[in-house]
Amino acid sequence: MKKVIVFLFLSLLLSCNSGKRKPQGESEFQRKMNTKFKDASTSPLTKSGLRKFKGLTFFPINEKFKVSAKLTKTPNGKVFNFPTTTSETVKYKKYGVIQFSIDEKDFELDIYKDPNPRIDYKNHLFLPFLDETNGKGSYGGGRFIDVLTTDIKEDGTVTIDFNTAYNPYCAYNKLYSCPITPRNNSLAIAIEAGVMDYKK
């Protein structure tokens, strides 16, 4: 009888500890992503995908893909109608151009802002990009990086961490409408950083 009680106690203890298990990930970004995707109230996954979810796959963290970029603002930037993965369009205004170097090669990307953001997104910038890993380890439609206007330093530079690049929600669930990355934001380099392609 004592053995049965001890066994039940150990089983209960292990189940409690497993409930408090830390989310998977080597960085705060990765842990936050896995926590978000595991939670049915915040996950973009389908019901089937959520049941099978064991964690997102990430490229190894690589500090060379965390760069200091020069931001040149475009105060009179054009408002673009971005096509999406559905019949909808979304509007983004060109906020500026960022310039940076990786492996002694120079690159630039356009960065955008919602012209009519929700109050909780008033400081958010939108940085979509394509690179040479698309369809070869990363999502074929490109990835996004979130940047905040409050991240911009007084000298006009901003840190861009490609280790925090993530997939649009339509990579996980076709019910989502996602802006399509413009071809001019293609990088002639393999950005082996951030979230990898989702295997359904």
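**Reading the terms in a predicted model**

User: What makes T157 a residue in contact with others, and which residues does T157 touch, not counting residues up to four places away in sequence?

Analyst: T157 touches S68, A69, K70, D151 and I152, leaving out residues up to four places away in sequence, and a contact here means heavy atoms within 4.5 Å. T157 itself is found in strand β7, where strands (E, at least two residues) and helices (H or I, at least four) are DSSP runs numbered from the N terminus. This is a predicted model, in which local features need pLDDT of at least 70 and side-chain atom pairs count only at pLDDT 80 or more, while totals for chains, interfaces and linings use all residues. Residues are numbered from 1 along each chain as its sequence is written, and side-chain values use heavy atoms, with hydrogens and water left out.

User: Why is T157 called buried?

Analyst: T157 has 14% relative accessibility, and the word buried applies under 20% relative accessible area (exposed is over 50%, partly exposed in between, with a 1.4 Å probe and protein chains only), so T157 counts as buried.

User: What makes the link between the side chains of T157 and D155 a polar contact?

Analyst: The two side chains are joined at 2.6 Å. A polar contact is a pair of N or O atoms within 3.5 Å, and within protein one atom must be able to donate a hydrogen and the other to accept it, while residues adjacent in sequence count only if both atoms are side-chain atoms; the value of 2.6 Å therefore falls inside the limit.

User: How do you know which part of the chain to read with caution?

Analyst: The pLDDT, which is the predictor's confidence in each residue from 0 to 100, stays under 50 over residues 1–20, and there the model has zero contacts beyond four places in sequence. Where pLDDT is low, the predicted coordinates should not be read in detail. The chain as a whole averages a pLDDT of 90, and 88% of the residues score at least 70.

User: Why is the aromatic pair of F37 and Y169 called edge-to-face?

Analyst: The whole structure holds 16 aromatic pairs. In the pair of F37 and Y169 the ring centres are 6.5 Å apart and the planes stand at 90°. Rings of Phe, Tyr and Trp (its six-membered ring) pair if their centres lie within 6.5 Å, and planes under 30 degrees apart count as stacked, over 60 as edge-to-face and the rest as tilted, so the angle of 90° makes this pair edge-to-face. F37 lies in helix α2 (residues 28–38) and Y169 in the segment after β7 (157–161), so the pair ties together parts 132 residues apart in sequence.

User: Is F37 buried or exposed, and what is Y169 called?

Analyst: F37 is buried, at a relative accessible area of 1%, whereas Y169, at 24%, is partly exposed.

User: What makes a group of residues a nonpolar core, and how many residues has the largest one?

Analyst: A nonpolar core is a set of buried Ala, Val, Leu, Ile, Met, Phe, Trp, Tyr and Cys residues joined through side-chain atoms within 4.5 Å. The largest has 25 residues, and F162 is one of those with the most contacts inside it. Strand β3 gives the most to this core, with four residues. Apart from it lies another core of 20 residues, including F29 and F53.
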